[in-house]
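Subject: Structure handover

Hello,

Here is the structure I said I would pass on. My notes on its pocket and its charged pairs follow below.

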Amino acid sequence: MKRLVSVFAAVFLTAFCLCGTVSFGAEAPEIYAKAAVLISADTGEVIYGLNAAEKLPMASTTKIMTTLLCLESGGLYDEFVVDSEAIKAEGSSMGLREGDIVTKYALCCGMLLPSGNDAANAAAVRISGSIEAFAELMNERARKMGLSKTFFVTPSGLEGEGHGSAAADMALLAREALKNELFREICSKESIKVSFGAPPYERWLYNTNKLLSMYDGVYGVKTGFTDEAGRCLVSACQRDGKNLICVTLNDRNDWNDHIALYEYGFDAVRQLELTLPKDITADVAGGTSEKLRLVLENSTYIVSTVAGNADDFTYTVLRPPFLYAPVKAGEEAARLRISYFGREVDTVPLYAAEDVQAVTVKTKKAEKGLFTRIKEFFGRIFSP
């Protein structure tokens, strides 16, 4: 019964926050956004919502998806010449010129800090061959993430017919992107030094996200603005171990609104200490032992939650059917997925608790020889 009440509370809160203006706990601040959402970065729970499920243009916050796909595409430090047509983009720019030699890493910095439309287009063409093909890749990833109100036409966020998202979708997208350590590292920088040009030379790029220096604990994520979309902002903030993500769309007072929502949100959420499962084992092939104990670095895990309790979290061991010997004590052998109502919170490493030596060919022959000798011994005893 307790779990049913908890499930109902989570579903009720999320549904109403997405559909209208709903907050959790004390009186929420008045904000100027057309749509907004504040979530726990750990569980994805909605703390505050204002028209959070309404599809709207989201301007350059689009580049969260573009950058994530670019980082995941590999070859981040391979140099190449930018496509001369792709970089001919209006609006904000990282300063690419025809013939410039860049890396995908530099383009990611150019997207997340100065919000370069030229960087977004150059990355799209490099990865997929065309902007249209890259948009298909973006939409495929959005579908896999369950972003039901999101549709991408451009990698930059410059308006295209049907291009848009919802505040709730953008929060979940940011939550996924921030799991990428390099994404989080880049978007948290107020400035960053990269190298590009013809020939490449070092230069500084500066972040358009002023919230990084305005409010303690902010570590991302992305700004956006067009005449149609208005001011858009996706941010993330950590305080006293609590992690929150905030999104506002079409908000003329976005910096202050995010600060006000964080003040509200950090009071609304609490930290919950989970006791992680014990007695986890894995099957071992080709070893001196057929089973291996797996242990965690910490026996507990702390999450930021609004209404969750320990029974709402489930655990899944991520491992292959067999581990192959040799295995050394202390090496990562699997991972434990922590989920809240089916939504992944985190995965943490599971380590081998002891050594498992590989069975050598010589050992196998010796064992076979011993067995044969025993069999022959008893055969002689009981033979007629």
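The largest pocket holds about 500 Å³ of space. A pocket here is an open set of points on a 1 Å grid over the protein atoms alone, where a 1.4 Å probe fits and protein lies on both sides within 12 Å along at least five of seven lines; lining residues have an atom within 4 Å of a point. The volume is the space filled by probe spheres set on the points, which are joined across faces, edges and corners.

This is a predicted model, in which local features need pLDDT of at least 70 and side-chain atom pairs count only at pLDDT 80 or more, while totals for chains, interfaces and linings use all residues. Residues are numbered from 1 along each chain as its sequence is written, and side-chain values use heavy atoms, with hydrogens and water left out.

The lining of the largest pocket has 18 residues, and Leu 178, Lys 179, Arg 184, Val 345 and Asp 346 lie nearest the centre. By type, the lining splits into seven nonpolar, four polar and seven charged residues. At least two lining residues come from each of α7 (181-187), β10 (242-249), β14 (300-305) and β18 (343-352). Of the elements, β18 contributes the most, with four residues. Helices (H or I, at least four residues) and strands (E, at least two) are DSSP runs, numbered from the N terminus.

Now the charged pairs. There are 13 salt bridges, each defined as a side-chain nitrogen of Lys or Arg within 4 Å of a carboxyl oxygen of Asp or Glu. Lys 179, one of the residues nearest the pocket centre, pairs with Glu 176 at 3.7 Å, N to O. Both also belong to a network of salt bridges with Glu 72, Arg 141, Arg 337 and Glu 344. Lys 179 is partly exposed at 36% relative accessible area, where buried means under 20%, exposed over 50% and partly exposed in between (1.4 Å probe, protein chains only).

Asp 254 and Arg 231 form another salt bridge, with their closest N and O atoms 3.1 Å apart. Asp 254 is in helix α9 (residues 254-268) and Arg 231 in strand β9 (residues 230-239), so this pair ties together parts 23 residues apart in sequence. Asp 254 is buried at 3%, whereas Arg 231 is partly exposed at 31%.

Regards

Notes:
Nonpolar A, V, L, I, M, F, W, Y, C, P; charged D, E, K, R; others polar.
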